Amino acid sequence: MEGFFLEYGNLLLRWLHVIAAIAWIGESIYFVMLDLSLHAPKGEHSKKLGVYGEMWAVHGGGFYHNQKYLTNPAELPNDLHWSFWKAYTTWLSGFGLFMLLYLLKADIYLVNPSSPWEWARNMSGTEAGILAVLFLVVGYNVYSRLCRIISPTVNHDGWLSVAVGVMMVFVAWLTTQIFPGRAAFLITGALMATCMSAGVFFWIIPGQRRMVKALKAGEKPNPLDGAWGKQRSVHNTYFTLPVIFLMLSNHYSFTYSNEYAWVIMSLFIFAGAVIRQYFVLRHTGKNDLRYPAAGILMLALIGWIAAPAPTAAPAPSQTGSAATAAQAAVTINQVHGIITARCVECHSAKPTQPGFAAAPAGILLDTNEQTLQHAAQIKQVVGNKYMPLANLTKMTDEERAVIAAWNGQ
């Protein structure tokens with residue numbers, strides 16, 4: 001029953017996380033579009049009231065007239081709409097999922113037996129879990145310090161963007177050295193999401209509250225409060241698409257199990273950022289195709305890096321020889337015998353591995369037919385030693401060699 005309740009908790013938290021993320025990201029993207037689509041007011045009345053920009057829109061059978069004031073609206077109602085609970089709910093539900101799926105099984109999901117560093121290979125599950133959480137805490141503080149040191153008055157944001165980009169490449173490399181590939185991608189995405197949510201919590205909302213308080217007291221707000229909030233909001237815009245990819249990446253083992261996983265991760269981060277930049281510019285009326293072209297080029301490069309090496313065709317003199325015969329000699333019964341011994345504890349209709357109420361990713365390997373159905377995926381994840389997770393069932397190199405020699409039939 002414990003396994004079932006963990007799985008059900010996973011379902012409910014994931015559902016909440018996705019709903020909150022859709023609401024947060026949707027609202028964020030809408031406000032970026034709105035902010036960049038504003039035009040100077042045409043009416044004299046609006047100008048006298050201090051309207052900075054306005055936009056007319058039609059949606060759902062009605063017409064909307066959006067107006068923006070900087071810091072001097074004629075009146076400030078008490079029922080202001082604040083945008084923060086969606087951000088907080090997204091992060092809290094995401095961290096809850098991280099605890100449920102990774103921290104509670106850190107010895108399986110966070111310890112990397114293939115790490116090039118001995119200390120990382122020999123970490124306990126508790127140590128790996130603490131280190132993963134420290135990545136989020138320390139990573140956010142490094143990011144925030146970069147903002148305060150490089151562009152404290154929002155006057156060097158170009159250099160700040162370069163520094164944040166370098167930071168993310170370093171994080172991508174470091175996480176893939178310490179943690180298993182799937183966890184490395186998730187932790188990097190979680191760090192970016194933490195920077196986004198913490199930016200709302202520590203900078204955007206407090207600054208807006210100070211501005212509202214000053215206006216209600218008849219005082220002039222500090223313009224830096226708005227500038228700092230805008231700075232973090234802009235960063236969130238460019239973090240959005242990379243974070244979405246990193247949260248989806250666990251479904252695609254060819255990304256995180258590759259020898260150059262950190263390069264793939266970095267390219268996806270930058271591809272997402274430049275594609276987002278294209279849409280940002282579109283809101284201002286610019287159609288700069290260099291940005292999507294750069295994004296597509298990076299995605300093509302990822303495809304080239306991640307593609308499996310082609311299997312060499314046997315030499316003419318070896319056609320029908322011992323090499324071909326050896327491959328054909330590996331039968332489904334041999335392979336399934338290994339699968340039964342090393343994989344079915346988890347990948348079964350009734351898993352026996354503690355903590356698993358259902359087969360991970362819904363992949364069942366109880367029968368020969370089910371093993372054949374997932375042949376290509378089995379060869380890939382066994383060949384790159386991603387599976388079994390942390391080699392929990394002690395699959396040997398000889399067994400991996402048998403699966404590698406199998407022709408999938």
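Residues are numbered from 1 along each chain as its sequence is written, and side-chain values use heavy atoms, with hydrogens and water left out. Because the model is predicted, local features need pLDDT of at least 70 and side-chain atom pairs count only at pLDDT 80 or more, whereas totals for chains, interfaces and linings use all residues.

The protein has 17 helices and two strands; helices (H or I, at least four residues) and strands (E, at least two) are DSSP runs, numbered from the N terminus. Along the principal axes, the C-alpha atoms fill a box of roughly 90 × 50 × 45 Å. Of the 409 residues, 42% count as buried. Here buried means under 20% relative accessible area, exposed means over 50%, and partly exposed lies in between (1.4 Å probe, protein chains only). Contact means heavy atoms within 4.5 Å. Among the contacts with a separation of 6 or more, 66% come from residues 24 or more positions apart.

Helix packing comes next. Two packed helices are described by the angle between their axes and the distance between the axes. The axes are lines fitted to C-alpha atoms, for helices over the stretch in contact, and angles run from 0 to 180 degrees between N-to-C directions. Helix α6 (residues 125-150) packs against helix α8 (residues 181-216) at an angle of about 55 degrees, and their axes are 9 Å apart. The two helices are therefore oblique to each other; angles under 35 degrees count as roughly parallel, over 145 as roughly antiparallel, 65 to 115 as roughly perpendicular and the rest as oblique. The crossing of α6 and α8 is right-handed. A crossing is right-handed if the near helix is turned clockwise from the far one by less than a right angle, and left-handed if anticlockwise. On the α6 side, the residues that meet α8 include Phe135, Tyr140, Tyr143 and Arg148, while the α8 side includes Leu191, Cys195, Phe202 and Trp203. By class, this contact of α6 with α8 has 12 nonpolar, four polar and one charged residues. Ala, Val, Leu, Ile, Met, Phe, Trp, Tyr, Cys and Pro count as nonpolar, Asp, Glu, Lys and Arg as charged, and the others, Gly among them, as polar.

Helix α8 also packs against helix α9 (residues 223-248), where the axes come within 9 Å and cross at roughly 155 degrees. That angle makes α8 roughly antiparallel to α9. This crossing of α8 and α9 is left-handed, and the contact of α8 with α9 has 18 nonpolar, eight polar and three charged residues.

A pair of aromatic rings is described by the distance of the centres and the angle of the planes. Rings of Phe, Tyr and Trp (its six-membered ring) pair if their centres lie within 6.5 Å; planes under 30 degrees apart count as stacked, over 60 as edge-to-face and the rest as tilted. The structure holds 23 aromatic pairs. One of them joins Tyr30 and Phe31, edge-to-face, with 5.7 Å centre to centre and 75 degrees between the planes. Tyr30 is partly exposed at 36% relative accessible area, and Phe31 is partly exposed at 41%. Trp117 and Trp119 form a stacked pair, with 6.1 Å centre to centre and 15 degrees between the planes. Trp117 is partly exposed at 26%, as is Trp119 at 46%. Ring pairs also link Phe84, Trp85, Tyr88, Tyr140, Tyr143, Phe201, Phe202 and Phe239 into a cluster.

A few single residues complete the picture. Ser83 sits in the loop between β2 (62-68) and α3 (85-101) and is partly exposed, with 31% relative accessibility. Not counting residues up to four places away in sequence, Ser83 touches Glu27, Phe31, Val200 and Ile205. Ser83 and Ile205 are 122 residues apart in sequence, yet 8.2 Å apart in space, C-alpha to C-alpha.

Most residues other than glycine have a negative phi. Val154, which is not a glycine, has a positive phi of about 60 degrees. Val154 is in the loop between α6 and α7 (157-178) and is partly exposed at 25% relative accessibility. Lys394, also not a glycine, has a positive phi of about 60 degrees. Lys394 lies in the loop between α16 (375-383) and α17 (397-405) and is exposed, with a relative accessible area of 60%.
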